[in-house]
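Here is my note on the model you sent. Please read it with the coordinates open.

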Amino acid sequence: MGLNTNATVVTAEKARRIQEFVGSGVVASFDGSCPAVMDRIRGAGSFALATAGIRHLVEAGCRVLLSCTVNKINCRDMEAMTVFGRETLKADSLRFNHTQYDGNAACHALELYPSIEEEWQAVLTATALREK
């Protein structure tokens with residue numbers, strides 16, 4: 001069994017319970033290496049709350065996969081997200097996803113959808129990061 005979360009309400013106690021009942025597989029949304037990027041996408045304070053929750057999950061023994069949806073705002077932050085996720089948050093892995101045209105993204109398409117050039121650069125960056 002696994003769990004998907006934005007991690008913003010995960011306390012140390014909740015992380016221990018998640019590890020106990022769900023097991024170790026947790027996918028946490030993570031869309032920027034710093035507040036300037038992530039808070040712009042997910043709202044003020046989301047970076048601090050999410051990173052605290054992710055730290056609690058890791059400390060509780062959960063295997064955490066950071067899931068990032070690449071968009072116009074964070075497409076140039078992919079390398080920094082990878083370094084921060086691996087070295088600071090101690091996440092087990094990081095996954096980059098293409099922005100899907102539905103839900104909130106469809107409502108904010110002009111702000112979120114990368115250009116063809118930005119999308120291609122994101123693919124090249126993800127490929128290079130995979131090889132590191």
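Predicted model: local features only at pLDDT ≥ 70, side-chain atom pairs only at ≥ 80, totals over all residues.

1. Salt bridges, overall. Side chains of opposite charge can pair when their charged atoms come close. The structure holds five salt bridges.

2. Asp 31 and Arg 42. These two form a salt bridge, with the closest N and O atoms 2.6 Å apart. The pair links distant parts of the chain, eleven residues apart. Asp 31 sits in the loop between strand 2 (25-29) and helix 2 (35-42), while Arg 42 belongs to helix 2. Is Asp 31 buried or exposed? Asp 31 is buried, because its relative accessible area is 3%, and the cut-off for buried is under 20%. Arg 42 has 40% relative accessibility, so Arg 42 counts as partly exposed.

3. Glu 118 and Lys 72. Their side chains meet in a salt bridge at 3.0 Å, N to O. Glu 118 is in helix 7, and Lys 72 is in the loop between strand 3 (63-70) and helix 4, 46 residues apart. Glu 118 counts as buried at 12% relative accessibility. Lys 72 counts as partly exposed at 31%.

4. Arg 76 counts as exposed, at 68% relative accessibility. Which residues make up the network of salt bridges? Lys 72, Arg 76 and Glu 118 are linked in it.

5. Second largest pocket. Rolling a probe the size of a water molecule over the atoms shows where empty space is left. The second largest pocket has a volume of about 220 Å³. Which elements each supply at least two residues of its lining? They are helix 4 (78-88), strand 4 (93-98) and helix 7 (116-130). The lining includes Thr 82, Arg 86, Phe 96, Leu 129 and Arg 130. By class, the lining has four nonpolar, three polar and three charged residues.

6. Arg 86. This lining residue has its place in helix 4. Arg 86 is partly exposed, because its relative accessible area is 44%. The C-alpha atoms of Arg 86 and Glu 59 are separated by 14 Å, and the two residues are 27 apart along the chain.

7. Nonpolar patch. Trp 120, Val 123 and Leu 124 make a nonpolar surface patch of about 300 Å². Trp 120 is found in helix 7. Trp 120 counts as exposed, at 53% relative accessibility.

8. Positive phi angles. Most residues other than glycine have a negative phi. Ala 7 has a positive phi of about 70° although it is not a glycine. Ala 7 is in the loop between strand 1 (2-5) and helix 1 (12-21), and counts as buried at 0% relative accessibility. Lys 90 also has a positive phi, near 65°. Lys 90 has its place in the loop between helix 4 and strand 4. Lys 90 is exposed, with a relative accessible area of 51%. Please look at both residues in the model.

Key. Residues numbered from 1 in each chain as written. Heavy atoms only, no water. 1 Å grid on protein atoms, 1.4 Å probe; cavity = no way out; pocket = protein on both sides within 12 Å on 5 of 7 lines; lining within 4 Å. Points joined across faces, edges and corners; volume = space filled by probe spheres on them. Helix = DSSP H or I, 4+ residues; strand = E, 2+ residues; numbered from the N terminus. Nonpolar A, V, L, I, M, F, W, Y, C, P; charged D, E, K, R; others polar. Patch = residues over 30% accessible without salt bridge, like charges linked within 9 Å, V, L, I, M, F, W, Y side chains within 5 Å. Areas by Shrake-Rupley, 256 points an atom, 1.4 Å probe, with all protein chains shown as cover. Salt bridge = Lys/Arg side-chain N within 4 Å of Asp/Glu carboxyl O. Buried < 20%, exposed > 50% of the residue type's maximum accessible area, 1.4 Å probe, protein only.
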